[in-house]
Amino acid sequence: MTVAGPHTVRAVSAGDNHGLALLSNGTVKAWGSNESGELGDGTQVSRTIPGSVAGLSGVTAVAAGGHFSLALLRDGTLRAWGGNFSGELGDGTTANRSLPVEVSGLPGRVTAIAAGDGTALALLANGTVLAWGNNRDGELGQGAADNQPHPAPLEVPLPQRATSIGAGEFFSLAVLADGSLRGWGANGSGQLGIGNFVTPQPSPVATLGLSGVRVKSVDGGFGHTLALLTNGRVKAWGSNTAGQLGDGTNTESNTPVDVLGVTGATAVAAGYTGGSPFGHSLAIARGDVLAWGENNRGQLGIGSTESTNRAQPVTTGLATTRSISAGFQFSLAS
């Protein structure tokens, strides 16, 4: 379905049951579930059409988590709203917020954001990665997992500066300056790509099988991970029950495999189907959207509900695709 509006959509982000759109004028629209205030309109009333997030301007990036939302402003500060059970809003409390609040305790200018189920990540201009919120599976990278809320940002110990970040439902990812990848958190499906299924992994560990290539960006679903390489190819690893690794099989892999038939890629996105080994994957390649994996709700957008383990073209109706995002059994493109 194509939605028209008075301003160009610069980027989209798909969460558990809600979506965000960053408009060209620096404001944000939100729609879907609002039981925790994740639409940021001051209510808990869900919306079937996009409504404005209150009080936001100068936004440069958005990220939709499980039941919360993040926005990066032009001045390098963050705003957050929605569910806050684990402190994922980063405002020092565990109170839900139906209006945006400022993330506190950030020691520098933020350049990128990512959101997991209940964990938030921020990349600073100096390459430092910060995390806050849920740490049940060690998603904060602090060396130990716990069930306590963490409402203030914590620095993730990494061997060198990071250039990009990503998040799965219960795990976190960082691309380092040398093009290598580190991950931490849940690994029961091999989603960290470290050659085993030992979970949790509460300290950053290096993804294997990436020698000779450089990672540009990453994204995670529930049990699988996608990595966009600087050469325009895509690697995937983790659960593969629905073919979400795109390697022509339905066999899970705890080390990276090649996604078949995808070249000239510029973006990737990993979606999920609740707490299950199913999931779906998206890529922008040579200007077109490709999709593969679980398709029980039509989340691949290929005109059927048949799952596939090979990348298939998506007819989006967009003249140019700028952004993709994969959420809980749905996908967005702008």
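# Report on side-chain pairs and strands in a predicted model

Lysine 235 has a relative accessible area of 14% and is therefore classed as buried, because residues under 20% fall into that class. The structure described here is a predicted model.

## Salt bridges

Side chains of opposite charge can pair when their charged atoms come close. The model contains five salt bridges, and three of them are described here.

Lysine 235 takes part in a salt bridge with aspartate 258, with 2.8 Å between N and O. This bridge links distant parts of the chain, since lysine 235 belongs to strand E19 and aspartate 258 to strand E20, 23 residues apart. Aspartate 258 is partly exposed, at 39% relative accessibility, whereas lysine 235 is buried.

Arginine 79 and glutamate 102 form another salt bridge, in which N and O are 4.0 Å apart.

The salt bridge between arginine 136 and aspartate 137 has its closest N and O atoms 3.4 Å apart. Aspartate 137 is buried, while arginine 136 is partly exposed.

| Residue | Relative accessible area | Class |
|---|---|---|
| Glutamate 102 | 43% | partly exposed |
| Arginine 79 | 18% | buried |
| Aspartate 137 | 15% | buried |
| Arginine 136 | 43% | partly exposed |
| Aspartate 258 | 39% | partly exposed |
| Lysine 235 | 14% | buried |

## Aromatic rings

A pair of aromatic rings is described by the distance of the centres and the angle of the planes. The structure holds two such pairs.

Phenylalanine 170 is located in the loop between strand E13 (162–167) and strand E14 (171–176), and phenylalanine 222 in the loop between strand E17 (215–220) and strand E18 (224–229), so the pair ties together parts that are 52 residues apart in sequence. Both phenylalanine 170 and phenylalanine 222 are buried.

The other pair consists of tyrosine 272 and phenylalanine 328, whose arrangement is tilted: the centres are 6.1 Å apart and the planes stand at 35 degrees. This pair also links distant parts of the chain, 56 residues apart, with tyrosine 272 in the loop between strand E21 (265–270) and strand E22 (280–285) and phenylalanine 328 in the loop between strand E25 (324–326) and strand E26 (331–333). Tyrosine 272 counts as buried at 9% relative accessibility, whereas phenylalanine 328, at 22%, counts as partly exposed.

The charged end of arginine 136 sits over the ring of phenylalanine 170, at 4.7 Å from the ring centre. Arginine 136 also takes part in the salt bridge with aspartate 137.

Glutamine 329 lies in the loop between E25 and E26. Its relative accessible area of 14% places glutamine 329 among the buried residues. Apart from neighbours within four places in sequence, glutamine 329 is in contact with Tyr272, Thr273, His280, Asn296, Arg297 and Gln299.

Glycine 248 is found in the loop between strand E19 (234–238) and strand E20 (253–258). With a relative accessible area of 28%, glycine 248 is partly exposed. Apart from neighbours within four places in sequence, glycine 248 is in contact with Leu260, Asn309 and Arg310. Leucine 260 is twelve residues from glycine 248 in sequence, and the C-alpha atoms of the two are 7.2 Å apart in space.

## An open sheet

Four strands build an open, antiparallel sheet in the order E21-E22-E23-E24. E21 and strand E24 (308–314) stand at the edges with a single partner strand each, so one side of each has no neighbour in the sheet. On average, and with direction ignored, neighbouring strands of this sheet are turned by 20 degrees against each other. The antiparallel strands E21 and E22 are joined by five bridges. Alanine 267 stands opposite isoleucine 284, which belongs to E22.

How values were computed
Residues numbered from 1 in each chain as written. Predicted model: local features only at pLDDT ≥ 70, side-chain atom pairs only at ≥ 80, totals over all residues. Heavy atoms only, no water. Helix = DSSP H or I, 4+ residues; strand = E, 2+ residues; numbered from the N terminus. Buried < 20%, exposed > 50% of the residue type's maximum accessible area, 1.4 Å probe, protein only. Contact = heavy atoms within 4.5 Å. Phe/Tyr/Trp six-rings, centres within 6.5 Å; stacked < 30°, edge-to-face > 60°. Lys NZ or Arg CZ within 6 Å of the ring centre and 35° of its normal. Salt bridge = Lys/Arg side-chain N within 4 Å of Asp/Glu carboxyl O. Pairing = 2+ DSSP bridges. Axes fitted to C-alpha atoms, helices over the stretch in contact; angles between N-to-C directions.
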